[in-house]
Amino acid sequence: MPITLTLGPFAVGEDGVLVPRAPELHPPCLRFAWRGRRCEARLDGPEELWLAAIAARIPSTAEPDGAARRGAAFAALGAIAPALPSGWRLALTPDHQVRLEARARLAAPATATGLLAAMVTFALALDPYLDRLDSAGAS
């Protein structure tokens with residue numbers, strides 16, 4: 001397959017098919033930002049895509065108004081968790097960052113167009129949750 005361009009950890013063929021450049025080292029992962037949040041898209045298999053975003057950070061009680069904002073942020077998490085689409089997951093990291101995760105299927109063979117479409121779909125679906133977290137004082 002002649003390679004026409006490089007897209008992060010992928011080589012992209014003339015037909016748009018993605019080929020991991022170093023699959024033996026680690027699963028290929030693209031990092032991107034959406035509304036100032038760190039996001040990732042990782043190819044876990046030929047058709048399996050894991051997507052994640054650091055959606056917010058729970059305020060510390062040491063910050064000004066931290067205790068009140070912390071309570072509001074945790075209340076927002078409690079409301080968001082049951083409202084997530086099927087297959088989505090909300091996680092709180094040890095450093096109190098809120099991570100939203102989802103899985104997506106790509107058509108085989110995975111293409112650059114399919115990958116980018118899944119990333120955009122995920123990013124747009126994040127918006128209402130980011131808005132709720134922002135309004136609760138988590139950012």
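Is Arg-99 buried, partly exposed or exposed? Arg-99 counts as partly exposed, because its relative accessibility is 24% (buried is under 20% relative accessible area, exposed over 50%, partly exposed in between, with a 1.4 Å probe and protein chains only).

This is a predicted model, where local features need pLDDT of at least 70 and side-chain atom pairs count only at pLDDT 80 or more, while totals for chains, interfaces and linings use all residues. Residues are numbered from 1 along each chain as its sequence is written, and side-chain values use heavy atoms, leaving out hydrogens and water.

**View 1. Arg-99 pairs up with Glu-101 in a salt bridge.** Their closest N and O atoms sit 2.5 Å apart (a salt bridge is a side-chain nitrogen of Lys or Arg within 4 Å of a carboxyl oxygen of Asp or Glu). Glu-101 is buried, at 9% relative accessibility.

**View 2. Asp-44 forms a salt bridge with Arg-103.** Here the closest N and O atoms are 2.7 Å apart. Asp-44 is partly exposed at 33% relative accessibility, and so is Arg-103, at 46%.

**View 3. Arg-105 forms a salt bridge with Glu-47.** The closest N and O atoms are 3.0 Å apart. Arg-105 counts as exposed at 60% relative accessibility, whereas Glu-47 is partly exposed at 29%. Zoom out, and salt bridges with shared partners tie Arg-42, Asp-44, Glu-47, Glu-48, Arg-103 and Arg-105 into one network.
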